[in-house]
Amino acid sequence: METTTEPGAPSRLPAAAAGRKARPASAGARGGRLRGLVTIALFLLPGLVLFCLLVVAPILVAFYTSTFKWSGLGGPPTEFVGLDNFTRLFANEVFLGDLWHGAVLIALSVVVQLPLALGIALLLNQRLRGRAFYRLVFFAPYILSEAITAVLFTMILSPDQGLANQILGIFGLDGLEWFADQSTVLVALFLVMTWKYFGFHMIIYLAGRQGIPKELTEAAQIDGASGWKVFRFVTLPLLGPTIRISIFLSIIGAIQLFDLVWIITEGGPTHSSETMAVTMFEFGFNRFQVGYASAISVVMFLISLVFALAYQRFVLRRDLEGATTVMRDQR
Amino acid sequence: MKSFRRSAALWAAAVLILGGCGGTGSDDGAGKSSAGAKVTVEFWNIATNEPLKTVFATAIKDFEAKHPNITIKNVPIENDAFKPKLTTTTQSGKAPDVFQTWGGGVLKQQADAGLVKDLTADTAWIGNFTDAALAAYQLDGKTYAIPHDIGMVGFWYNKSLFAKAGITEPPGTWAQFLDDVTKLKGAGVTPISLAGKAKWPGHYYWAYLAMRIGGLDALKQAGDSKDFTAPAFVQAGQSLKQLADLQPFQKGFLGAAYDTPDGEAATMGNGKAAMELMGQWAPSVQSSAGKGIGDDLGFFPFPTVDGGKGAVTEAFGGGGGFAIGATAPAEAVEFLKFLTDSTEHRKAVESGGVLPVLKGEDDAVKDPNLSVVAKNLSGATGFQLYLDQAYPPAVGQQVNDSVAELIAGTKTPEQITQAITETAKSE
């Protein structure tokens with residue numbers, strides 16, 4: 001059982017055994033290696049079992065139930081429908097809308113939110129009076145729970161008596177309808193997401209920036225590089241790994257976005273802010289079509305999986321070089 | 001060896017955690033009475049607010065005092081969280097011993113799955129309740145739950161705002177109603193408050209219009225044939241579109257929730273809108289979410305439509321009741337009987353938390369607004385359950401969704417009848 005956890009091990013056994021005959025001196029080392037593997041396997045076992053039970057098994061169950069028409073009530077599903085749920089799903093204009101909203105939010109995050117976070121991070125890296133205070137203030141929204149953030153902003157952006165419209169009123173401007181208007185809801189939602197999450201990205205950029213040796217920027221400055229050129233050719237390339245990871249986290253977050261949307265708009269008005277996770281919840285818990293909801297969760301899972309793998313393969317490749325997960329010695 | 005022991009301990013912990021997840025159903029699970037022995041009855045309700053919260057707590061104490069061997073485990077769950085929680089529990093193939101239900105399509109699904117007890121045989125008990133109150137729980141000639149509350153939807157209006165617009169009496173027909181909306185707008189008053197985000201308040205308009213145009217039969221027929229493309233439903237959509245085209249709703253209504261400080265009830269309760277179409281609970285929510293408008297508040301039934309088949313005395317609404325889990329002990333029935341007997345239920349009615357469901361209980365209603373509703377209900381010549389409960393859940397939600405799209409102007413009356421039909425056929 002121990003040996004099966006390490007695919008490379010069985011093939012190496014004969015060679016090692018042969019080696020033992022030739023050089024009896026290494027027998028102790030080999031025994032130590034085997035013991036090491038046993039120890040690793042035993043340490044892995046509890047985590048692996050929990051991972052299988054709580055992560056792998058539910059995923060497989062979702063794949064299974066997604067091929068049934070099932071209300072989720074009274075025992076296992078019986079009405080097999082094949083890929084019917086999926087064909088229905090891709091003909092559903094609400095779901096196609098979900099994909100579009102996801103794409104818009106991802107694009108806005110990468111183009112607006114992350115550069116903003118980067119800018120503020122670099123600003124807060126300068127010598128600045130009250131720097132620690134600003135860092136704390138900008139990071140604070142990230143600590144709030146999604147639910148509290150959502151409730152807070154439904155109040156601030158309320159079309160009738162909200163703070164935002166009151167302030168606009170002082171300047172003689174007409175209040176917006178924010179979440180209540182189909183054309184502004186997605187942008188308003190993105191505003192809330194930015195407020196909530198930019199602090200997190202700012203902190204990782206800040207950490208990344210502080211990992212860049214001072215000598216490099218100083219050397220560039222001595223060579224006569226302007227501030228912009230230092231940023232463009234020294235800071236930015238060296239921040240690359242951090243930026244790539246933050247883009248990754250931001251996109252995965254946008255694909256799974258649920259809490260904020262559910263509490264603020266429930267996907268409305270008329271589905272114009274609905275995300276995949278909201279549609280899934282709606283079908284699973286309000287319409288009792290658990291089979292169909294499973295199909296949505298499977299599509300979400302596949303999108304996330306394909307994206308994560310492709311991103312690691314093509315974008316994070318250099319950053320992962322030498323990391324333990326690459327198993328350099330196996331190549 | 002140490003790692004073995006450690007993993008064993010982790011295993012044990014994992015099993016405990018998983019075991020804990022599955023153990024939320026009834027503890028004994030035996031479907032028989034266990035006379036003398038200690039029995040626990042789990043009671044799932046949505047009474048997280050006063051006055052019902054206290055009414056139930058007191059009732060449980062009284063019941064336990066009379067039956068020392070029975071313990072009632074009171075599990076009050078917030079309304080919106082209740083349905084997902086019950087769904088998760090029933091997925092394990094079990095239902096709580098006594099649990100809140102609204103009847104209709106959801107209860108039917110649960111009954112079909114063998115999760116609830118069939119109470120039809122106890123005719124003496126069922127005979128105590130009014131027909132309107134029982135309607136929601138009687139499916140295919142069988143009774144699956146006992147009513148505890150009943151109510152209906154109608155227009156709640158602000159008398160002083162009506163007077164301001166020069167309207168002397170509530171409208172009796174849809175044409176007069178549209179006329180009054182125009183008058184209110186002309187007087188600078190927001191005619192109607194609506195919670196567009198919540199969707200369900202919008203479906204009341206479409207459902208009532210369909211009832212008034214096609215009659216109760218049209219709704220029943222559509223439910224049976226799964227076809228909502230009949231002219232009555234298209235006309236209902238057209239009439240509702242006429243109203244929406246007048247732009248009668250408050251600013252930002254598409255994003256408004258029902259009971260938040262800037263929601264439908266608060267807008268009405270703060271005197272910023274002249275009307276809302278809402279159930280019997282409207283006055284209490286108006287004064288908890290907003291200030292409440294006191295004596296200015298009035299009630300009129302949904303107007304008739306010229307040439308329509310429905311009568312003004314046909315009511316649209318629903319209530320709340322309790323079903324008993326299929327595996328519940330006999331003591332669960334005993335508890336529910338106690339909760340719905342005339343003395344105990346009268347206390348609940350007197351508290352203002354529920355309306356009469358027992359025959360001859362009308363005089364217990366103290367609140368003047370609720371008393372109007374109770375009178376309308378006892379004089380009702382027909383009763384239609386909320387569509388999102390009468391039909392299977394998916395159809396009900398589609399009705400809510402589609403009507404919201406109609407009101408927002410993104411779908412036509414024909415398109416929504418097609419969308420609803422499509423969902424109904426796929427069920």
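1. pLDDT is the predictor's confidence in each residue, on a scale from 0 to 100. The model is predicted, and over residues 1-34 of chain B the pLDDT stays under 50. For that stretch the model has 38 contacts beyond four places in sequence. Over chain B the mean pLDDT is 86, with 92% of the residues at 70 or more.

2. For the complex, the predictor gives a pTM of 0.78 and an ipTM of 0.76.

3. Where do chain A and chain B touch? On one side there are 30 residues of chain A, and these are in contact with 33 residues of chain B. At least two residues of the chain B side come from each of helix 1 (2-22), helix 3 (79-90), helix 4 (104-112) and helix 17 (393-408). Sorted by class, the chain B side has 14 polar, 14 nonpolar and five charged residues. Helix 1 of chain B spans residues 2-22, and the pLDDT of chain B stays under 50 over residues 1-34.

4. Next comes the nonpolar core. In soluble globular proteins, nonpolar side chains tend to be buried together. Here the largest nonpolar core has 172 residues. Among the residues with the most contacts inside this core are A:Ile296, B:Val98, B:Trp156 and B:Leu336. B:Leu209 and B:Ala210 belong to that list too. Helix 9 (residues 200-225) of chain B gives the most to the core, with 12 residues.

5. Apart from neighbours within four places in sequence, its contacts are B:Ala218, B:Leu219, B:Ala232, B:Phe233 and B:Ala236.

6. B:Ser225 is also found in helix 9 of chain B. Is B:Ser225 buried or partly exposed? A residue is buried if 20 or more other C-beta atoms lie within 10 Å of its own, and exposed if 12 or fewer do. B:Ser225 has 13 C-beta neighbours inside 10 Å, so B:Ser225 counts as partly exposed. B:Ser225 and B:Glu169 are 56 residues apart along the chain, and their C-alpha atoms are separated by 40 Å.

7. Chain B has an open sheet of four strands, in the order 8-9-7-10, with mixed pairing. Strand 8 (190-192) and strand 10 (297-300) are at the edges; each has a single partner strand, so one side of each is left without a neighbour in the sheet. From one strand to the next, the twist averages 20°.

8. Which strand pairs with strand 10 of chain B? The partner is strand 7 (residues 154-158) of chain B, and the two pair in the antiparallel sense over four bridges. One residue pair shows the link: B:Leu297, in strand 10 of chain B, is the bridge partner of B:Asn158.

9. Chain A has 14 helices and two strands. Of its 331 residues, 30% count as buried. Among contacts in chain A with a separation of 6 or more, 65% are between residues 24 or more positions apart.

10. A:Leu257 is an example from chain A, in the loop between helix 10 (227-255) and helix 11 (259-264). Why does A:Leu257 count as buried? A:Leu257 is buried because 21 other C-beta atoms lie within 10 Å. Leaving aside neighbours within four places in sequence, A:Leu257 is in contact with A:Leu105, A:Thr275 and A:Ala277. A:Ala277 is 20 residues from A:Leu257 in sequence, and the two are 6.6 Å apart in space, C-alpha to C-alpha.

Definitions and conventions:
Residues numbered from 1 in each chain as written. Chains lettered and ligands numbered in written order. Predicted model: local features only at pLDDT ≥ 70, side-chain atom pairs only at ≥ 80, totals over all residues. Contact = placed C-beta atoms within 7 Å. Nonpolar A, V, L, I, M, F, W, Y, C, P; charged D, E, K, R; others polar. Core = buried A, V, L, I, M, F, W, Y, C linked by C-beta atoms within 7 Å. Pairing = 2+ DSSP bridges. Axes fitted to C-alpha atoms, helices over the stretch in contact; angles between N-to-C directions.
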